[in-house]
Amino acid sequence: GMAAGFVVCFTLIFGTSLAEAPIHVVIALVVGAVFAVGITWIAVQLEPLSLDLRSYRRPSRRKDEAQVVASLSLMAAELGISPIPALRIADEPVPGAWTHVQTIVVTRGMIDQLSKEQLQAVLGHELHHWHSRDAIGMRFVWACAFPIVLLCNLRAAVAQVRPWGPLINVLLWPAPVLMNWLVSPLMVARGRTQEFEADAAVIAVGRGSQLAEALSLLKDFEVARTGWEAALLRTHPPTEFRLEAIEEAAAAAATT
């Protein structure tokens, strides 16, 4: 019933427009792109405030977060990246590290559970994401799909709320349908390529074994904080494939 309703409604809404008023469709797409650029710009400008609201703090000088700053600078030098992004600490026990447009965030759990060398390899991975502008690309996709983003995040927020959560979850069924059948398939190829490229950059500076150790320990160090981010993580390659790529690179280096 949901599938039939989706097809019928899509045809009723867009079928006539595409056949009779293609210029209107083009104008709508152009206007949507302009709005997406504007939303992206606003999100980038408000990133420090957004991180403050999430309680992601600057590294302290008295605790071992100072070593994380030194490790970030070291990996930037090894990768030939300058300038380097800002660093924030999330006081969460779950190990994780992820990249924003201007900032790399590392959790307290990541600092506590990884060795210094393993953490440096993870930071190198995130630095490559930042230097390659992967975060700004993802932010633009986020802006293009902003209504879907809101639905995904709302659905994730209310899913566990009783007694109305399950009912609202059912009513918001377009969110997973659009995400799983439209957005994610379009992003899978590039998302997996980005991860392999970031791993390859770390391997190229001789940190492949430490990255493999971190992946084996954590499985994935980029954690989801919203429904939208949880959906995007499904576009990442399986950890075993990433470990295989590291092993193959090490074997190739040993034979040269």
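Reply: A residue is called buried when its relative accessible area is under 20%, exposed when it is over 50%, and partly exposed in between (1.4 Å probe, protein chains only). Helices (H or I, at least four residues) and strands (E, at least two) are DSSP runs, numbered from the N terminus. The model is predicted: local features need pLDDT of at least 70, side-chain atom pairs count only at pLDDT 80 or more, and totals for chains, interfaces and linings use all residues. Residues are numbered from 1 along each chain as its sequence is written, and side-chain values use heavy atoms, with hydrogens and water left out.

In helix α11 (residues 208–218), the buried residues are Gly208, Gln210, Leu211, Ala212, Ala214, Leu215 and Leu218. After α11 comes Lys219, which has a positive phi, near 70°.

The part to examine closely is the meeting of two other helices. The axes of α2 (residues 22–45) and α7 (residues 134–144) come within 8 Å and cross at roughly 125°. Axes are lines fitted to C-alpha atoms, for helices over the stretch in contact, with angles from 0 to 180 degrees between N-to-C directions.

Contact means heavy atoms within 4.5 Å. Here Ala33, Ala36, Val37, Ile39, Thr40, Ala43 and Val44 of α2 meet Ile136, Arg139, Phe140, Trp142, Ala143 and Cys144 of α7. These contact residues comprise 11 nonpolar, one polar and one charged. Ala, Val, Leu, Ile, Met, Phe, Trp, Tyr, Cys and Pro count as nonpolar, Asp, Glu, Lys and Arg as charged, and the others, Gly among them, as polar.

Rings of Phe, Tyr and Trp (its six-membered ring) pair if their centres lie within 6.5 Å; planes under 30 degrees apart are stacked, over 60 edge-to-face, and the rest tilted. Tyr56 and Trp98 form an edge-to-face pair, 5.8 Å centre to centre with 65° between the planes. Trp142 and Phe146 also pair edge-to-face, at 5.2 Å centre to centre and 80° between the planes. Trp142 is buried, at 17% relative accessible area, whereas Phe146, at 27%, is partly exposed. Tyr56 and Trp98 are both buried.
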